[in-house]
Amino acid sequence: MLASNLRLRRDEQGISLSELARRSGIAKGTLSQLESGAGNPTLETVFSLSNALGVPVSSLLNEPPASELVHVRSADVEVLAGDAVDLRMLRRLEQSGSLLELYDQQIRPGAVQHSAGHPGTEHHVVLAGRLRIGALGQQFELNAGDYLAFRANGAHEIEALGGLVRSVLLLEYPPDVQPAPIDGLHLS
């Protein structure tokens, strides 16, 4: 899915592989492999491409649902792995001009996932474990059942405390906000 959507989005914008490489900070050879369906992109790679193309992650990973009934099996969804986070995109929802992306998120202990920032708002609901989120100059510790939302345009980080954390991540892009090209972005 990533291969065909990446080529489609690049063609829609009329940009070359070289230009996408410059915008995303990803080598042209790696981009060529991704467009041919080879390779196993990391979470950071997919988010860098999203920002470089100015499209939501879901535009690169999902095809539109064929009907009003959508059933997603976890085993059928590819995992995007980052330094500390594994994400499975479950659904892309467009409502009243806003875009929502729903993820099953697991945070592995022993590493911190850093983000330079991205458009929109992150909504986190912890299902199991303890989670630390640093955002907007503050630190938050969340336990099972806790919820935190914040504008994600500034640097932020996420870390599992004491063991694996299972959570739901909802990324909300308002109508006036779309991911924008950001050079050197590692994770959004």
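How many salt bridges does the count come to?

Author: Happy to! Please keep in mind that this is a predicted model. The count comes to eleven salt bridges. As background, side chains of opposite charge can pair when their charged atoms come close.

The protein chain has five helices and eight strands, and along the sequence they follow the pattern α-α-α-α-α-β-β-β-β-β-β-β-β. Of its 188 residues, 46% count as buried. Among contacts between residues at least 6 apart in sequence, 69% join residues at least 24 apart. The accessible surface of the protein chain is about 9200 Å², and carbon and sulfur atoms account for 51% of that area.

R9 pairs with E12, and their closest N and O atoms are 3.3 Å apart. Both residues sit in helix α1 (residues 2-13), and because they are three residues apart there, about one helical turn separates them. R9 has 18% relative accessibility, so R9 counts as buried, with the cut-off for buried being under 20%. E12 has 52% relative accessibility, so E12 counts as exposed, the cut-off there being over 50%.

Next comes a pair from the strands. D104 and R166 meet through their side chains in a salt bridge, at 3.0 Å from N to O. This pair links distant parts of the chain: D104 belongs to strand β3 (residues 98-107) and R166 to strand β8 (residues 156-173), 62 residues apart. D104 counts as buried because its relative accessibility is 12%. R166, at 32%, counts as partly exposed.

E157 forms a salt bridge with R132, and here the closest N and O atoms are 2.9 Å apart. E157 lies in strand β8 and R132 in strand β5, so this pair ties together parts that are 25 residues apart in sequence. R132 counts as buried, because its relative accessibility is 14%. There is also a network to look for: salt bridges that share partners join R7, R10 and E35 into one.

V125 lies in strand β5 (residues 121-135). Together with L127 and Y147, V125 makes a nonpolar surface patch of about 280 Å². V125 has a relative accessible area of 31%, so V125 is partly exposed. Patches take residues with over 30% relative accessible area, which means that V125 at 31% can take part.

For a contrast, turn to helix α4 (residues 43-53). This helix is mostly covered, with eleven of its eleven residues buried. Just after α4, G54 takes a positive phi of about 70°.

Move on to D104 in strand β3 and R166 in strand β8, then finish with E157 in strand β8 and R132 in strand β5.

Key:
Residues numbered from 1 in each chain as written. Predicted model: local features only at pLDDT ≥ 70, side-chain atom pairs only at ≥ 80, totals over all residues. Heavy atoms only, no water. Buried < 20%, exposed > 50% of the residue type's maximum accessible area, 1.4 Å probe, protein only. Helix = DSSP H or I, 4+ residues; strand = E, 2+ residues; numbered from the N terminus. Patch = residues over 30% accessible without salt bridge, like charges linked within 9 Å, V, L, I, M, F, W, Y side chains within 5 Å. Areas by Shrake-Rupley, 256 points an atom, 1.4 Å probe, with all protein chains shown as cover. Salt bridge = Lys/Arg side-chain N within 4 Å of Asp/Glu carboxyl O. Contact = heavy atoms within 4.5 Å.
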